[in-house]
Amino acid sequence: MSRASTAPALDVARVRADFPILTREVNGRPLVYLDNAASTHRPRPVLDAIEQFYTVSNSNVHRGVHRLSQEATQLFEDARATMAGFLGADAREIVFTRGTTESLNLVAFSYGRATLQAGDDVLLTHMEHHANIVPWQLLCEQTGATLKVVPITDAGELDLDAFDALLGDRTRIVAVTHVSNALGTINPIAELARRAHAVGAVIVVDGAQGAPHMAVDVHTLDVDFYALSGHKMYGPTGIGVLYGRRALLDAMPPWQGGGDMIRSVTFEQTTYNDAPFRFEAGTPNIAGAIGLAAAARYISALGLDAIAAREAELLAYGTQRLGEVEGLRMIGTAAHKAGVLGFVLQDIHPHDIGTILDHEGVAVRTGHHCAQPVMERFGVPATARASLGIYNTHAEIDALVAALAKVREVFA
Ligand code: C6P
């Protein structure tokens, strides 16, 4: 599977034709779906892969000698290999989880609990999603370690001098988002990894908003853990991946107990399966993994670099068009951004903006985006957020801007 940049520019009309949901209307208008950071839609090949599994090979994995179980196991392990290829990893380094949230909790409660003690530091940034804050808070409460937070600038970029000042020989874990869901900022992960490793810390990357928008190679980035969610990259909900560096996964204890994660069980003693199976207790989301692999193949065939280039162009257009809207303030103006246009408009509550946009068929997310510290940093209770995906068009940005004119009319 090729993740490289040889693919031609994105043919958005053809891409749109692959997404059945995009033909529907909302409030009598064509759907303008600009809520991709919350969840993307699924293309036909993903829907087909799921249907094919349930109609042809449905069974449990790793448990049966019968034909269907063998087929299901093969498809599930093929999906693992596909996700390994997608991230430039080895299949033994791919743990299937419910999504980014569970992936980050796995690192905190397996690696973190086994490693941290009082006096150690966990370094986060001010732009993290709650999924990359709360597990570390829980871990610090349990271990006596200290949480430290790297500040961000008014543009929504990491303050790298502060990062260096907070990083030290007590830092055991650096947890940072690849792309901020509230601001769109792309963080310099390879550079942060280099600095984290220089003090002997591991780096855990929240890739929920990274993997859908750009090629990710865990070895080029030199990260220790990378978490992603299927539903944000055109795959199913309830499935995600944790990449973990093999030596780390091999040394990590289980964090949930149950079937499939064991080698043998007696009441006296249980021994555990190898990684990654040790971290997959119970029947996994088999159809989800198969659907996720189909999504990874789909966006890889389009070309992640072609996707990044197209979305960068659309983001620039959206930034320019929104800049023309009187009274609009962008929240998140980093030099390197991906796919997110967060804003406030005069003193109109973002929920009112979202409701009026919905009347016009335009779907955006409004609220704190599970990133309350970001809202607090920018002095707003909430923002409206248009977030881009592979099927969005310039005409949809125009529709957003036209709908915002309606919002202004209503509140004039
Ligand atoms: N952000 C948004 O609207 P899950 O729910 O586990 O698939 O992903 C959690 C998560 C973690 N990190 C980042 C950067 C995210 O953006 C998200 C999910 C959605 O922004 C829903 S809150």
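**Helix packing and the sheet**

Q: How does α12 pass α14, in a left-handed or a right-handed crossing?
A: α12 passes α14 in a right-handed crossing, where right-handed means that the near helix is turned clockwise from the far one by less than a right angle, and left-handed that it is turned anticlockwise. Helices (H or I, at least four residues) and strands (E, at least two) are DSSP runs, numbered from the N terminus.

Q: Which residues make that contact?
A: From α12 they are Ile 353, Ile 356 and Leu 357, and from α14 they are Leu 400, Ala 403, Leu 404, Lys 406, Val 407 and Val 410, with contact meaning heavy atoms within 4.5 Å. By class there are 8 nonpolar, no polar and 1 charged residues; Ala, Val, Leu, Ile, Met, Phe, Trp, Tyr, Cys and Pro count as nonpolar, Asp, Glu, Lys and Arg as charged, and the others, Gly among them, as polar.

Q: What are these numbers based on?
A: This is a predicted model, in which local features need pLDDT of at least 70 and side-chain atom pairs count only at pLDDT 80 or more, while totals for chains, interfaces and linings use all residues. Residues are numbered from 1 along each chain as its sequence is written, and side-chain values use heavy atoms, leaving out hydrogens and water.

Q: Back to the helices: at what angle do α2 and α10 pack?
A: Helix α2 (residues 44-57) and helix α10 (residues 286-302) pack at about 150°, with their axes 8 Å apart; axes are lines fitted to C-alpha atoms, for helices over the stretch in contact, and angles run from 0 to 180 degrees between N-to-C directions. That makes α2 roughly antiparallel to α10, since angles over 145 degrees count as such, under 35 as roughly parallel, 65 to 115 as roughly perpendicular and the rest as oblique.

Q: And what classes of residue meet there?
A: The contact of α2 with α10 has 12 nonpolar, 1 polar and no charged residues.

Q: New topic: in what order do the strands of the open sheet run?
A: The 7 strands lie in the order β4-β10-β9-β8-β7-β5-β6, with mixed pairing, where two strands pair if DSSP finds at least two bridges between them. β4 (94-97) and β6 (146-150) stand at the edges, each with a single partner strand, so one side of each is left without a neighbour in the sheet.

Q: How many bridges join β7 to β8?
A: Strand β7 (residues 171-177) and strand β8 (residues 202-206) run parallel and are joined by 5 bridges, and the partner of Thr 177 in β8 is Asp 206.
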